[in-house]
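Reader: I have a structure on my screen and want to learn how to read it. Where do I start?

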Amino acid sequence: MSIQRKKWAELADVKKELAARDWFFATSGNLSIKVTDDPLTFFVTASGKDKRKQTDEDFLLVDALGQPAEATHLKPSAETLLHVEIYKKTKAGCALHVHTIDNNVISELYGDDGEVVFTGQEIIKAFGLWEEDAVFRIPIIRNHAHIPTLAAEFSKHAHEDAGAVLIRNHGITVWGRNAFEAKKFLEACEFLFSYHVKLLQLKGAKTLA
Ligand SMILES: CSCCC(=O)C(=O)COP(=O)(O)O
Ligand SMILES: [Zn+2]
């Protein structure tokens, strides 16, 4: 199997799993997987599609500028520049962006703090943090309609080969050394968000009771 076919199949697999979780509301979300390092090329989801559907036109190959690397009628994701920043600045192999209600709520709750901090939860080990009192921080950046501005702000937080950034009232972008790690990070983040939202709701209800 060619490297391109292999990477396509890997990304299609992740897309299918995230779709099964119903994390692609209203055509939101975009995914990418690196194909070559030099020159940089990666598959990214085509813009504006219902990512729950699986088709032969789900992804297109783009270059280091986020432009199509081959002739195609498909348009790369509107947020391709964020994926470009990840691949330019880290050794990541896969990047995933989803809009969920929980990640939007958390981004709004802690947006003014510029980060959300989690500690005391077993699932933090998914981020490679094994110490008893480990702390996991996710930066929260402002949403900008102008994607180059959003990408520039996002880029300030793309240092490690695996990471996560929340975009306020928009969604989360996570990346990892490969598709397995990126998906693991995303699932752990969404677990933490969902837990936190539920806990706050129940604490509120308890206070009222
Ligand atoms: C209705 S979602 C608005 C655009 C967005 O934030 C997104 O994640 C999907 O955009 P794309 O161009 O990747 O389809
Ligand atoms: Zn988005």
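Author: We will go feature by feature, with the general idea ahead of the case. Keep in mind that this is a predicted model.

Reader: Let me begin with the record. Which residues does the UniProt domain annotation cover?

Author: An annotation may be inferred rather than shown by experiment. Here the UniProt record, an unreviewed entry, gives "domain: Class II aldolase/adducin N-terminal" for residues 9–197. In the model, the end C-alpha atoms of that span lie 34 Å apart.

Reader: Is His97 buried or exposed?

Author: Buried means under 20% relative accessible area. His97 has 1%, so it is buried. Now compare sequence with space. His97 and His170 are 73 residues apart in sequence, yet their C-alpha atoms are 9.9 Å apart.

Reader: Now the ligand. How many residues surround ligand 1?

Author: The count takes residues with a heavy atom within 4 Å. For ligand 1 there are 14. The closest are Ser47, Gly48, Lys51, Ser77 and Glu79.

Reader: How much of ligand 1 does the protein bury?

Author: Taken alone, ligand 1 exposes 400 Å². The protein buries 76% of that.

Reader: Which peptide bond is cis?

Author: The bond from Asp38 to Pro39 is cis, with omega near 5°. Pro39 is in the loop between β1 (30–36) and β2 (41–45).

Reader: What is the phi of Asp22, and what is the phi of Ala26?

Author: Asp22 has a phi near 65°, a positive value in a residue other than glycine. Ala26 is another such residue, with phi near 50°. Asp22 is in the loop between α1 (3–20) and β1. Ala26 is placed in the loop between α1 and β1 as well. Ala26 counts as exposed because its relative accessibility is 66%. Asp22 is partly exposed, at 35%.

Reader: Next, charges. How many salt bridges does a search of the whole structure find?

Author: Look for a Lys or Arg side-chain nitrogen within 4 Å of an Asp or Glu carboxyl oxygen. The search finds 16. Asp22 comes back here. Its salt bridge is with Arg52, with the closest N and O atoms 3.3 Å apart.

Reader: Which parts does the pair of Asp22 and Arg52 tie together?

Author: Asp22 lies in the loop between α1 and β1, and Arg52 in the loop between β2 and β3 (59–62), so the pair ties together parts 30 residues apart in sequence. Arg52 is partly exposed, with 40% relative accessibility.

Reader: Which residue does Asp37 pair with?

Author: Lys34, at 2.7 Å from N to O. Asp37 counts as exposed, at 57%. Lys34 counts as buried, at 12%.

Reader: And which residue does Glu122 pair with?

Author: Lys125, the closest N and O atoms being 2.7 Å apart. Glu122 is exposed, at 57%. Lys125 is partly exposed, at 28%.

Reader: Which residues are linked in a network of salt bridges?

Author: Glu17, Arg21, Lys183 and Glu187.

Reader: Last, the surface. Which residues form a nonpolar patch?

Author: Patch residues need over 30% relative accessible area. Here they are Phe25, Ile101, Val105, Leu109 and Leu200. Together they have about 420 Å² of accessible area.

Reader: Which helix gives the largest share of the nonpolar patch?

Author: Helix α3, residues 101–109, with three residues. Ile101 lies in that helix. At 57% relative accessibility, Ile101 counts as exposed.

Notes. Residues are numbered from 1 along each chain as its sequence is written. Chains are lettered from A and ligands numbered from 1 in the order in which they are written. This is a predicted model: local features need pLDDT of at least 70, side-chain atom pairs count only at pLDDT 80 or more; totals for chains, interfaces and linings use all residues. Side-chain values use heavy atoms; hydrogens and water are left out. Patches are made of residues with over 30% relative accessible area and no salt bridge: like charges are joined within 9 Å, nonpolar side chains (Val, Leu, Ile, Met, Phe, Trp, Tyr) within 5 Å. Accessible areas come from the Shrake-Rupley method with a 1.4 Å probe; for residues, only the protein chains shown count as cover. Helices (H or I, at least four residues) and strands (E, at least two) are DSSP runs, numbered from the N terminus. Buried means under 20% relative accessible area, exposed over 50%, partly exposed in between (1.4 Å probe, protein chains only).
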